[in-house]
Amino acid sequence: EAEGIGTVKLTLRGKFNQPLVLKNVYFAPRVGMNLISVPKLLRDRYSVVAHPQNVFVQRRGRTVGTAYHAEEDLLILRCHVSRRSRERVQLARAPATCGHADSLEPQAVAMDVDDPQESSDAECATSTSELGGEAVILEEDACKGVDQASEALWHARMGHLNRGDLRVVLRQTGTPYRPLTQAQLLATPQCPACMSGKQHQKRNSRARRPRLHSTRIFEMIHSDIMEMPIAKDGSRYVITFTDDYSRGSWAYAMRWKHEALQKFRLFAAWVHRQFGAQIKRFLTDNGREYLPIGAHLETQGVEFDTSPPYCKGQNGLAERTNRTIRERINTLLSDANLPPSWWTELVDTVVYLKLRAPASILQKKTPYEIIYGKPPSLLHLRRIGSRAWVLIPKEHRAKLGPRSSECRLLGYSEPNQYKLYEIHSGKTVFSRDVEFDERTPVAPLIEGETGNDLPDNAPPSPVFSPVVPPPSSALPTPPASPPGLAERLKTPSQHVETFPPVNPIEQEAESTQDLGYSIYGRRRRPSRRLLESLGKVYTAGALNTASARTVDPSTFHEAVSCPNQLEWWAAIQKEYASLLEHGTWEKVLRTDVPAGDHVIGCKWVFKTKTNGTRKARLVIKGYRQKHGIDYHETFAAVSRMDSVRCIIASAVLRGWKLHQFDAVTAFLHGDVDSSIYMELPEGFEEPGYVCRLRRSLYGLKQAPRIWYQCVHRVLAAHGFTMAQSDNCVFYKSNCVICVYVDDFLVAASTSHEIDQVQRALEKEFRLNDLGTPRSFLGIQLDYHADGAVSIHQQQYIQKVLSDFGMETCQAKSTPMNPKQDLNRRPDEEPPDEETKARYATAIGSLMYLMVGTRPDIAFALGTLSRFTSQPQSHHQVALQRLLRYVKATQCHRITYRSGQLIGYTDADFGGSVVTDGAYSTSGYVFQLAGAPVSWSSKRQGEVATSTTHAEYIGQYNALLHLQWLRTFLAETQMYRSPVTNIMADNQSAIALSRNPEFHKRTKHFNVKFHYQRAVLNAGEIGLQYVPTQEQAADGLTKPLGPTAFAKFCSLLGIEALETRRQQT
C-alpha cells in the first residue's frame, strides 16, 4: 500500500558517485524493499545498459551508477546509507487500492532528513528514509524559501477550490503540500469564507451528462452578463466569455451594458492574435445588449445563437460560469475582509485561478493545460488579502528609511509578479520582491485606514488621468488571466503612479495670510478659490469647518475625488442610465455637425438632499443658446408659494389628504423643437463624437416649457382643468394638483382620488411616490393629532447659518433695531467685490426663507435688500443682527387649524429706518385657517404726501392681491366666502375708499388708486377698522421693539415649537 508520493534522490556508490533523482515515487514502507522500475528510469530520461555481469545507469551518455545481478532476476543498485536521525514530514499520499494516483489522501510519514551533496535545479530541502538498509531521500519540488504548505492554506491560495479538485491539481503539477489525515479532516470545521460566499440551494436531481460540443479551442464561445454591486470605479456589470472546448473563462467589468460589443472585440482580437483561432459560433441569452454583437458577428460570418426568452437552461454553461465567478469573488471578499466595492480588483484574480483549477468534464485537467499544453505552475500562489511586505526600489527609498512597505495581496500579473494594495498610500503596486504572511489574520480594510480608498487603477481613464504617463515599454492590458501577455513592466518592482490623495489640512489653511474678520464678526477662512490659487485642491470635508463639510462638489473631478466619491459616482451612474433609457440623445460624428450649428457644452451639477441622498444632474450650458436658432419660447412651470400655502390651508379646513410625487428626470420626456448638438458628458467622452439631442435636457432654455406642455397634456386628458389664476395648478372636483417643475403636491378628498392621479401620471412618467409630504420645496410639514398642519424651514435655517458661520452666534429677539439709521453714508468707502457678493448671497438665502414661511422678517429683509449693490458697514451689521434673530427663532412655524379668510393692511409714512427719498412702506397679510397664507412688505412706488395717502396706496395693493386670492380659491373650488374683510387702522383712508368725494388734499392722488371704490361697491370685499394694537400687518412696515414684535408674531399666527408642545 502506497502511503505517499514524492521526489527521491539517491546517492549512488562507486567510482562515479553521481546522484540519481526520481520524481513521483510511491512511498510504501510495507513492501520491505525499495523497487525501481526500469520504465520509470527511462521516463526520467535515464538510459539502462545491460551486460552479463553489471547493468549501467547512464544520463546523457555518462554513467551515474551500476547495479549487479541478484537472485530471482532482480538487480541491486548500490546506494549510500543515511546516518541522519529520523524526522517527521508530510507527503502526498497515494491511493490505497491501486497503483494509479487519481485520488490522494493525506498521511503523516516518519522520514529521515539528510543534506544532499548535489541538486539538479536549486537548493532544496530534502528528506530521507531508511528502508531495508538503503538510502531513500525525498525532497520538495519547490524553490528555495517555499516550505511545504498545508492543504488548508493551498485551499485559500487557490481561491477556495474544492478539496477534490485541489488535490488533483496539486498532484498533477507536482506541487508539494502537507495533506490532512482522515482524522484531521473530520476534526476540521467548515471554511467560513466558503459557507459565506458559495452556499446555494441543493439541486433536485444530480444527474448530468456534460459533453464537449466543439473540437478545438475557441471554436465555440458562451457568454453572459451578470449584474454586480456598484464598484469603486463605477462598474456594475461583468461580461464573461467561456470557451466550450477548454472551459476557460475570461471576464471584463463594465459600467454599462452597451459596452459589451467593445469588450467582445478586445476578447476576439486577443484570441486571434495569441492563438490564431477564429470564433465560429457564439452562444448567449436573448438580452438586448447582445444585439450589437450579433450584428457584428453576422458580418464576420460567425453563427450567433440566442436562447429563447426566460430559458436560462439553454445558456447553462455561461450561467454556471457566472455563478462560479460570483461565488468565488464573494468568498475571497469574505476571506480577505475586503469591502464589496472591491470586487473589480478580484474578478481578474478569480478568472486567473479558475484557469488553473481542474474541471470534471476535462477528466480533471485544467483549462490552462488544454489551452497551453502544459500543466500550470502553482508555487507562486498566495492567499488573497494576506499581509505582504514589498521591497521599495532603491530609487524610491531613503538611505536610512524603511526598505519595505506593508501591502495587501490583490492578485497576480505574472508568475513572478504580484498585484498589491499599498496600505499607507492607497496605491496599487506590481512587484516580485514580496514577502508574505499568510497565517496572521488581517483586519478589515475599511474607509479611513488609508488616505484614499480607491486604488490608482480603479477609475476609468477619462475620469482620472494619471499624472505620470506609463512607460513606453508598457503593453496594453490583455484579458484577465492568459499568461505571457501581462508583461506590464520589465523592472523587478515598479510602482504605478497616480493622483495622490490631496486633502488640505488645518496647517495649510493656517499657512495662508491672515484674512481678518468677516462682515459678521467672524474670522475669515480661506475660500475654495484661494486654496485653488495656492495649489491646494479643495474637497468637501477637507477643511475642519462646518461650512466645508456641507459644501457639495462644484465640478465633476471634485465629486469623484472627495471622501464621498462612491456615493457621488453612484448618483452620476443613475443619472446617466436614466438619460440613456429615455433616449435623450444619439451619438454622431463631430464632422457630421452642420456648419451653421455649434456644439454646446454640458456639466454635472451635484446636490445633497435634505434626507442625505446624493443627487447628480447633467445640465446643458443653455446660456450659449441663441434665440431664434436654438430656442424660440421659454416658460417655467413654477407655482406661486401663495398657491402652495393656500392648498395646504384649504386641505386642513376640508379634511383632505395630502400626497407628494416626484417625476424622475422630468425634462427628458419632451422632444426638442430644434436641432441641438451637445458635447458628451464628462467622464463618458468618446473621441470624435458628439450627441444630437432628441429629448429635452436640463439647462435648455425651452426645457421647462416642453415639460410643462407634457404635464398639461397628460392632466387635461384625465379631466383636470388648468387654473387661470395660476397656470401651474390643475383641479377637478375633489382634487387639486400643484406642479412645481417636477414635484407634484396633490390634495384630494379621498385616497381613491390620489390613486387615480398616480395611475394617470405613471402612464407617461416615472414617479417617485413620496407619500404624505414631509418636505416640499424645502418646506417641512408636521402633522398634529387634531388635524392641524405646521410648516417651517428649520433644516434650511440651519444650513444658512452654517454657510455663514453663525451656528453659535448670540441670539436676538427682534430682526431689526427700531432706532437704527440705515441711510447711506456718503463719506464711507465702497465695499470690495467679495463683500458685495457675500452680502448678496446672505440676502438671497434669507429671501427664500421669508417667501416660504417667515413673514416676520419680511420688513427687515426688504429694507436691507435695497442696498445689495453697495452695502455699507452699518448695513452689514444690520444683516448680522437679522441672522442672529433667525438663529433664535429657527423653531418658529406656521400652523393651520381653523379660521376664515381675512386680511390686514398697513403702511408707514416717509420711511422709518430709511428716510432717503421719503418713500413709504406698505404691507399686507392674509390669513386662512388661522395662519398666514400670503404676505408682502414693499416700498411704495411713489412718494406719499400724508399718512392717508400712504394708507390709501397700501389698501389698494392689498385689495388687488385679495382679488387674485379669492379668484384662485373659488376657481379651484377649495374655499368660498361671500365677503372677505381687510382690516386697516387708518379711518381717513377707509372713508376715502367708501365715499367718492373730491377734496383738495386728495385731488393729486393717482386715479388708479380709486379702483378700490368700485371693488368695495361690488360687495365682495370690505374694509374694516382695527386698532393699531390689533393690526397684524404692523410689523411689515416698521421695526418694532421686543414686546410689540412678540405680539406682532402672535397676531400673524407664528408660534414657536415649545409653545405648541405646551398646548398639546
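## Helices α20 and α22

Helices α20 and α22 cross with a left-handed sense. This is a predicted model. Helix α20 covers residues 833-852, and helix α22 covers residues 873-888. Their axes come within 11 Å and cross at roughly 35°.

From α20, the contact takes T835, Y839, A842, I843, L846 and L849. From α22, the partners are H875, Q876, L879, L882, L883 and V886. By class, this contact has nine nonpolar residues and three polar ones.

## Helices α8 and α9

Helix α8 spans residues 316-336, and helix α9 spans residues 343-354. The two axes come within 9 Å, with a crossing angle of roughly 120°. That angle makes α8 oblique to α9. The crossing of α8 and α9 is right-handed.

On the α8 side, the contact residues are T321, T324, I325, R328, I329, L332 and L333. They meet W343, L346, V347, V350, V351 and K354 of α9. Nine residues in the contact of α8 with α9 are nonpolar, two are polar and two are charged. R328 in α8 and K354 in α9 belong to this contact, and both count as charged.

## Helices α23 and α24

Helix α23 runs over residues 947-971, and helix α24 over residues 987-994. They pack at an angle of about 60°, with axes 8 Å apart. That makes α23 oblique to α24. The crossing of α23 and α24 is right-handed.

Helix α23 brings T948, E951, Y952 and Q955 to the contact. Helix α24 brings S988, A989, I990, L992 and S993. The contact of α23 with α24 divides into four nonpolar, four polar and one charged residue. The charged class covers Glu, and E951 of α23 is in the contact.

## Cavities

How many cavities of 30 Å³ or more does the structure hold? There are four cavities of 30 Å³ or more. The second largest cavity contains about 50 Å³ of space.

Which residues line the second largest cavity? The lining consists of P815, M816, D856, F859, A860, G1035, K1038, P1039, L1040 and F1045. Seven of the lining residues are nonpolar, one is polar and two are charged. D856 and K1038 are in this lining, and Asp and Lys count as charged. G1035 is in the lining too, and Gly counts as polar.

How values were computed: Residues are numbered from 1 along each chain as its sequence is written. This is a predicted model: local features need pLDDT of at least 70, side-chain atom pairs count only at pLDDT 80 or more; totals for chains, interfaces and linings use all residues. Side-chain values use heavy atoms; hydrogens and water are left out. On a 1 Å grid over the protein atoms alone, a cavity is a set of points where a 1.4 Å probe fits but cannot get out, and a pocket is an open set with protein on both sides within 12 Å along at least five of seven lines; lining residues have an atom within 4 Å of a point. Grid points are joined across faces, edges and corners, and a volume is the space filled by probe spheres set on the points. Axes are lines fitted to C-alpha atoms, for helices over the stretch in contact, and angles run from 0 to 180 degrees between N-to-C directions. Helices (H or I, at least four residues) and strands (E, at least two) are DSSP runs, numbered from the N terminus. Angles under 35 degrees count as roughly parallel, over 145 as roughly antiparallel, 65 to 115 as roughly perpendicular and the rest as oblique. A crossing is left-handed if the near helix is turned anticlockwise from the far one by less than a right angle, and right-handed if clockwise. Contact means heavy atoms within 4.5 Å.
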